[in-house]
Amino acid sequence: MQKLAAGNWKMNGSAAALAEVGALIAAHPAPACEMLLCPPATLLAQMTWAARGSKLMTGGQDCHTKASGAHTGDISAAMLKDAGASHVILGHSERRADHGESDALVKAKAEAALAAGLTAIVCLGETEAQRDAGETLALCGSQLNGSLPEGANAANLVVAYEPVWAIGTGRTPTLDQIAEVHGFLRAQLVKRLGEDGHGVRLLYGGSVKPSNAAEIFAVRDVDGALVGGASLKAADFGAIVAALSAA
Ligand code: PEP
């Protein structure tokens with residue numbers, strides 16, 4: 001299985017930030033893992049152009065359930081594809097919290113992504129209160145089962161485990177806690193998808209940085225990372241790509 005280092009720029013970056021893309025590609029022309037950046041939609045086409053001919057793939061951070069229509073401010077999966085995207089992040093905890101996205105909506109968006117030929121990166125993870133209440137596995141299981149698109153397989157689905165309390169906080173779960181959730185998610189994926197469940201990339205996300213990447217990538221069933229803050233700088237994201245390439 002090819003591992004995946006995915007960066008989520010969130011609502012950050014202007015045209016000037018594309019210099020980071022050039023620096024990343026120059027420093028990592030042939031990584032031994034897949035490398036993806038998901039910029040804000042305003043930069044997607046420009047970033048795709050900047051990455052042409054390189055190993056860097058680009059993706060969106062959200063899409064609508066419909067292919068087109070009267071939905072002011074929204075972007076369809078087909079439009080992301082048209083702008084050069086290969087992937088789209090769906091169900092990120094910030095969208096679940098800020099926009100009230102339910103599992104059913106994430107599933108519908110993921111199905112739209114697959115229909116447009118994109119790979120869906122479906123995010124899930126517990127809040128700190130849910131972890132403290134011992135609900136982590138039950139919650140992750142119900143989010144996974146509720147958000148999994150029909151037609152998912154190892155090629156068109158990536159799942160990102162992102163504990164909400166670890167995103168942007170500098171805090172991370174213990175390696176045992178990551179292993180427990182990833183092992184559980186793997187078993188759920190195999191139950192739902194059969195053999196294909198073994199091939200779905202399971203990313204860990206939440207305060208991954210150059211200093212902790214190697215130990216996280218050594219955890220069983222961690223097939224890469226979804227990286228927020230540290231993906232904004234080529235040097236930091238490049239160090240994470242290098243750690244994953246060496247894992
Ligand atoms: C994220 O946005 O998915 C994320 C994991 O952010 P950070 O790496 O900044 O914690």
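1. A residue counts as buried when its relative accessible area is under 20%. Keep that cut-off in mind while looking at strand β2, residues 34–38: 4 of its 5 residues are buried, so the strand is largely enclosed by the rest of the structure. Please note too that this is a predicted model.

2. What does strand β2 pair with? Strand β1, residues 4–8, runs parallel to β2, and 5 bridges join the two. To find the pairing by eye, look for Asn8, which stands opposite Cys38 of β2.

3. Stepping back to the whole protein, you will find 11 helices and 8 strands. The radius of gyration is 17 Å, close to the 18 Å that the globule rule gives for 247 residues, so the protein is as compact as a globular protein of that length. Along the principal axes, the C-alpha trace spans about 45 × 45 × 35 Å.

4. How much of the protein is buried? Of the 247 residues, 49% are.

5. Taking the contacts with a separation of 6 or more, 72% are between residues 24 or more positions apart. Strands β1 (residues 4–8) and β2 give you a handy pair to start from, joined by their 5 bridges.

6. Finally, a word on charge. The protein carries 19 positive and 24 negative side chains. The centres of these two sets lie 4 Å apart.

Technical notes: Residues numbered from 1 in each chain as written. Predicted model: local features only at pLDDT ≥ 70, side-chain atom pairs only at ≥ 80, totals over all residues. Heavy atoms only, no water. Rg over C-alpha atoms; globule rule 2.2 N^0.38 Å. Buried < 20%, exposed > 50% of the residue type's maximum accessible area, 1.4 Å probe, protein only. Contact = heavy atoms within 4.5 Å. Lys, Arg positive; Asp, Glu negative; His and termini not counted. Charge placed at Lys NZ, Arg CZ, Asp CG, Glu CD. Pairing = 2+ DSSP bridges.
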